[in-house]
Each structure stands twice: as C-alpha cells, then as structure tokens.
Amino acid sequence: MALFDVDPHHPDTSVITRAADILRAGGLVAFPTETVYGLGANALNADAVARIFDAKARPAWNPVIAHVNTVDEARALTTSWPAIATVLAKAFWPGPLTLVLPKHESVPDIVSAGLPAVAIRIPSHPVARALIAALGAPIAAPSANRFTELSPTTAAHVQESLGDRIDMILNGGPSDVGIESTVVDLTGAMPVLLRPGVISREMLTNATGVSVSLAQDDVRDNTPRHSPGMVERHYAPHADVWLFAGDDLHEMQQSITKEFPVESGRMSALVLDWSLSLPEHVRVIRMPNDPLAYARMLYATLHDLDQDGFTVVAIERPPARDAWAGIHDRLNRAAR
Ligand code: TXA
Ligand code: MG
C-alpha cells in the first residue's frame, strides 16, 4: 500500500492521475472527503466494488454511496429526478448531503446492495473532486474503516484499520466536517431522513419548504423506510461508552468517582460543562459547545482515546436540539 501526501486545496495532478489509474484498473484508493475518509472504487465496475466489501468485511446487504462531481452526473445514475432533488442539490451540493433516488440500470446492483435505489453525493473536498474527474466515472465509497468501527477522519486512521488491504491512501489532512453525511431518501412521496448529519432536519425543511420525516416515523404506507447501514452497534470505539444527560452531571460525577477507582482501567470523560469536577485519574476532555466544532473533533478524539488504551469513555450528552441530532445519533450508536 502506498501513502501519498496531497495538498488538500491543490492536489498534485501526477498523484491524482496515479490514484485514478489504480481505480481504473479495479483497485481501491482511500481518499479524503470533507465528512470522513472514503474507500473508493470505480462505481461502474462491480468487481472493484466487491473488493470494497471484502476489505471492510462489510455485509453484502449494506449499500455504498456513489460520489460524482455534477448534478448531471448524479442524474445519470437515476431513473427519476424529483424537483426536490434539484432544490436540495442547489442548497447543499457540493457538501455533506447524500440523496437516495431510483437507481439506473447502468449502476451495478452491488453498489445498492440489490436495492432499487442508489445513494449519491457530490463531495466538496478538492481531492475527492479531482479524483472523480480524473477517473471520469462515479466513485463508490463507504467510509474507509472496517465494518462497525469508527469512521476515519485522518489518513492515519485509515492506515491503522485498512492499511494492509488497499492499494493506496491519499493523505489530505483531517476531515473538516468529521461525521458522515446526512442521508435523505427521495424515493417516496415525502423525503425521509435516513441518517442525521451536520445538515439538520431543520435546514432540509427550510430549504425545501417540506417537512422531512424521520425514518422510524415513516409508517404511513406500512413500509417503514430505513437505511440498511444504520445497524445497532456502529461508529463504535473499542472503549465502552457511557452516556450521561447534561442535566444529570451529578450522576456522571458520582458514577465516575464510585465505579472507577484508579485501578479499574483507563477512564476518560468528554464534557461540555467546564465546571464538572472529576477525579484526577480521569482524563477530562473539554468538548466545544457547538455542533459543528464538536462533530469535527468527535471521531478523532475517540480514535486517540482508543490508541491510548482507555477502556471507558463517559460522555456528557449535548443539548437535545435538532442541530445536535447527528452527534446524538453517533453517540447513541457508540454506546450500544
Ligand atoms: O459522508 C459520507 O457519507 C461518507 C463519505 C465517504 O462520503 N460515506 C459514508 O458511507 O459514510 P457509508 O457506506 O459508511 O454510509 C453510507 C450510508 C449507510 O448507512 C448505507 O446503508 C446508506 O448510506 N445507504 C447507501 N445506499 C443506500 C440506499 N440505496 N438506500 C438506503 N440507504 C443507503
Ligand atoms: Mg461507514
């Protein structure tokens, strides 16, 4: 496996060409996006996409996202393009939004895990965009981690998890958004939020004038839609994650102090409340009280704690507001 540093804003053409050649030959290239690092293959080559599933040990039922550079390229992967897709694309592409639309037959079934719909995203990261352009085809890319593990927000995270299983890693520095894209299903009469992210439900509703329902609320026609990838334990660090409500910090303080005497393992706490007083042997990490800044450092912080051998992470839940929904979702999954 070769690791290449690339300037995140002006990636070196010769490196991008080399990466695109690997993709064209059916290989796997991990590359930075603004959300998390992706594990890329030529989306139109079913054998290449199959290698993604092998490398990640990803179950065959879990579909991957096709990354493109333009709305025309996105439309070409679909059989219908509702007006709301145009509105959402104008408002949020390029960026951390994925749209699920009826799949065109030119997209191999393995990309959508046999589903009749395909997930599509236009990323904003210049390295991702340059790679898509150089390949001249959509790039299928899930997050570049083994199944159920935390998503990578740096090239080092990718190397640790998949270094021996892929052909190339492009190192474009840390991902700016830090958690995976918001996924919206547009195949039904109303849009459905399949995975929350930093683009919130309120932002989607404001942009479209249509209320966006949550996957689990969508039972109107008795066919609740969902994202196959939203499995229970996912996005999880190796450490046990304990969640505490922000209005019950007394309990957090008590549990940590009582249940974690010095000898019982390496304990850390992610807190928003700077006044919390915790025992000295607990590594306390102050998290920003802003959802974007929090998202940017969440996975990197959890990766670091794993690396340092912490066995428990106690986390103060952020406020119960819509803007924090993506963070709550990832914390809940990590704690299961
Ligand atoms: O930010 C992101 O979305 C990153 C970067 C690399 O773009 N990618 C990513 O991919 O997070 P992945 O595979 O880890 O998550 C994709 C999610 C999964 O929950 C998957 O089940 C869902 O999107 N998904 C993909 N295709 C789908 C489809 N056809 N219908 C419903 N859900 C789909
Ligand atoms: Mg993933």
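This is a predicted model: local features need pLDDT of at least 70, side-chain atom pairs count only at pLDDT 80 or more; totals for chains, interfaces and linings use all residues.
The axis of a helix is here a line fitted to the C-alpha atoms over the stretch in contact, and the angle between two such axes is taken between their N-to-C directions, from 0 to 180 degrees. Helix α4, covering residues 83–92, and helix α7, covering residues 201–208, have axes that come within 9 Å of one another and cross at roughly 115°. The crossing of α4 and α7 is right-handed. On the side of α4 the residues that take part are I84, V87, L88, A91 and F92, and they meet M203, L204, A207 and T208 of α7. Sorted by class, the contact between α4 and α7 holds 8 nonpolar residues and 1 polar residue, with no charged residues.

Across the whole structure, a search finds 3 aromatic pairs. In one of them, the ring centres of W61 and F147 are 6.2 Å apart and the planes stand at 85°, which is over the 60 degrees required, so the pair counts as edge-to-face. W61 belongs to the loop between α2 (46–56) and β4 (65–67), while F147 belongs to the loop between β7 (139–140) and α6 (155–162), so this pair ties together parts that lie 86 residues apart in sequence. W61 has a relative accessibility of 43% and therefore counts as partly exposed.

Another aromatic pair is formed by W81 and W93, and it is tilted, with 6.4 Å from centre to centre and 45° between the planes. Here W81 sits in the loop between α3 (71–75) and α4, and W93 in the loop between α4 and β5 (97–102), the two being 12 residues apart. W81, at 13% relative accessibility, counts as buried, and W93, at 8%, counts as buried as well.

The peptide bond that joins W93 and P94 is cis, with an omega of about -10°, and P94 is found in the loop between α4 and β5. A positive phi of about 55° occurs at A57, although A57 is not a glycine, and A57 lies in the loop between α2 and β4. T148, likewise not a glycine, has a positive phi of about 75° and has its place in the loop between β7 and α6. With a relative accessible area of 31%, T148 is partly exposed.

A further contact involves a charge and a ring: the charged end of R266 sits over the ring of F310, at 4.4 Å from its centre.

The last stop is V118, a residue of strand β6, which spans residues 117–121. V118 is buried, because its relative accessible area is 1%. Leaving aside residues up to four places away in sequence, V118 touches L77, L99, V100, L101, K103, V107 and V111. One of these, L77, is 41 residues from V118 in sequence, yet their C-alpha atoms are 7.7 Å apart in space.

Note on methods. Residues are numbered from 1 along each chain as its sequence is written. Chains are lettered from A and ligands numbered from 1 in the order in which they are written. Side-chain values use heavy atoms; hydrogens and water are left out. Helices (H or I, at least four residues) and strands (E, at least two) are DSSP runs, numbered from the N terminus. A crossing is left-handed if the near helix is turned anticlockwise from the far one by less than a right angle, and right-handed if clockwise. Contact means heavy atoms within 4.5 Å. Ala, Val, Leu, Ile, Met, Phe, Trp, Tyr, Cys and Pro count as nonpolar, Asp, Glu, Lys and Arg as charged, and the others, Gly among them, as polar. Rings of Phe, Tyr and Trp (its six-membered ring) pair if their centres lie within 6.5 Å; planes under 30 degrees apart count as stacked, over 60 as edge-to-face and the rest as tilted. Buried means under 20% relative accessible area, exposed over 50%, partly exposed in between (1.4 Å probe, protein chains only). A charge sits over a ring if NZ of Lys or CZ of Arg is within 6 Å of the ring centre and within 35 degrees of the ring normal.
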